[in-house]
Amino acid sequence: MSKAVLITGATGSIGNKVRKHCADLGMRLRLLSLNPTSDPDVMTADLSLYDETWARQFENVDAVIHLAGDPYATASWESVQRNNIDLTLNVFRAARTYHAKRIVFASSTWLMAGYRLGSERLTTDLAPKPINAYGCGKLLCERVGLQLTKETDISFIALRIGCCQHIEGNIPGPQIEHGKWGQQMWLSDRDLCHGMERAILVEDVRFAVLNLMSDNPGMRWDIEETRRVIGYAPRDGHRAVTTAAMENHEKLARLKFELVDRLEQMTEKW
């Protein structure tokens with residue numbers, strides 16, 4: 001029998017891509033979105049406010065793909081608290097109450113943004129280093145997901161999604177924000193959908209936090225664990241293109257980072 005899959009944030013940029021892919025695979029979909037739509041297949045719901053009307057949609061689904069929330073790295077603490085943390089805790093509550101089997105959580109590379117100017121291999125075993133409220137919110141939800149697997153039969157897979165642009169075609173290139181760092185975490189639409197598909201279908205995974213990027217030459221992001229755990233097999237990749245302006249911006253960012261680091265060291269001595 002085909003999988004029953006619930007998608008939150010189903011009308012967003014990633015939601016639309018994943019929804020179409022899952023439908024093409026013959027999965028039985030239940031769709032939730034904050035934004036009102038004329039689509040009769042989508043239920044409008046504010047998940048930051050728990051309500052049995054939408055919570056019942058979680059009943060006995062094989063997987064919840066949780067995409068809903070404020071998607072912007074510049075989100076305020078107020079927005080992150082309501083739309084990312086409180087909202088996600090409500091989703092977890094509904095999944096627990098109505099016996100969902102798995103949660104696939106859209107996490108973020110912003111958890112690791114503090115490593116941007118380093119040289120480390122970016123595995124998911126490396127200590128997180130978020131630099132904004134958005135990244136901190138995602139980290140909290142990952143850890144609550146771990147606790148959920150200890151207290152229930154739900155399995156939890158967090159995918160730290162790379163740069164999957166909202167623009168038509170999601171073509172990689174120097175227009176991607178944050179220069180080389182941004183380009184090296186590019187994620188094509190078909191690799192995104194394949195990664196989500198594998199996270200839904202893989203068996204015998206209780207808990208995992210995995211990077212999800214395309215196979216970009218020269219990137220520091222580790223996707224070997226993603227290949228091993230869920231059978232991810234990316235088909236696309238992009239070698240970062242740099243310009244003189246981008247290189248100058250990187251130098252300034254590095255100088256700023258070094259200055260802040262020195263100030264922190266001085267403060268510790270005091």
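These notebook entries record what I looked up in this predicted model.

**Entry 1: the nonpolar cores**

I began with the largest nonpolar core, which has 44 residues, and noted that I65, L159 and M196 touch the most other members. I then listed the elements that give two or more residues to this core; among them are strand 1 (4-8), strand 4 (63-66), strand 5 (102-108), strand 6 (155-161) and helix 7 (224-230). Helix 6 gives the most, with four residues. I recall that in soluble globular proteins nonpolar side chains tend to be buried together.

I next asked which residues I65 touches, not counting those up to four places away in sequence. I found V5, L6, I7, T8, V18, C22, V104, M196 and I200.

**Entry 2: helix 1**

I looked up the span of helix 1: its 12 residues reach 17 Å from the first C-alpha to the last, close to the expected 16 Å. I recorded I14, G15, K17, V18, R19 and C22 as the buried residues of helix 1. Their cover includes strand 1, strand 2 (28-33), strand 3 (42-44), strand 4, strand 6 and helix 6. Just after helix 1, I found G26 with a positive phi of about 85°.

**Entry 3: salt bridges**

I counted 13 salt bridges, taking a side-chain nitrogen of Lys or Arg within 4 Å of a carboxyl oxygen of Asp or Glu.

I examined the pair E151 and R96, whose side chains meet at 3.1 Å, N to O. E151 lies in helix 4 (residues 133-151) and R96 in helix 3 (residues 77-97), so the pair ties together parts that are 55 residues apart in sequence. E151 is partly exposed at 44% relative accessibility, and R96 is partly exposed at 39%.

I then turned to D236 and R190, which meet in a salt bridge at 2.8 Å, N to O. D236 lies in the loop between helix 7 and helix 8 and R190 in helix 6, so this pair ties together parts that are 46 residues apart in sequence. R190 counts as partly exposed, at 42% relative accessibility.

Within helix 7, I noted R227 and E224, three residues apart, about one turn of the helix. Their side chains form a salt bridge of 3.1 Å, N to O. I also found that D215, E224 and R227 are linked in a network of salt bridges.

**Entry 4: a nonpolar surface patch**

I placed L259 in helix 8 (residues 244-269).

How values were computed
Residues numbered from 1 in each chain as written. Predicted model: local features only at pLDDT ≥ 70, side-chain atom pairs only at ≥ 80, totals over all residues. Heavy atoms only, no water. Core = buried A, V, L, I, M, F, W, Y, C linked by side-chain atoms within 4.5 Å. Buried < 20%, exposed > 50% of the residue type's maximum accessible area, 1.4 Å probe, protein only. Contact = heavy atoms within 4.5 Å. Expected span 1.5 Å × (residues − 1).
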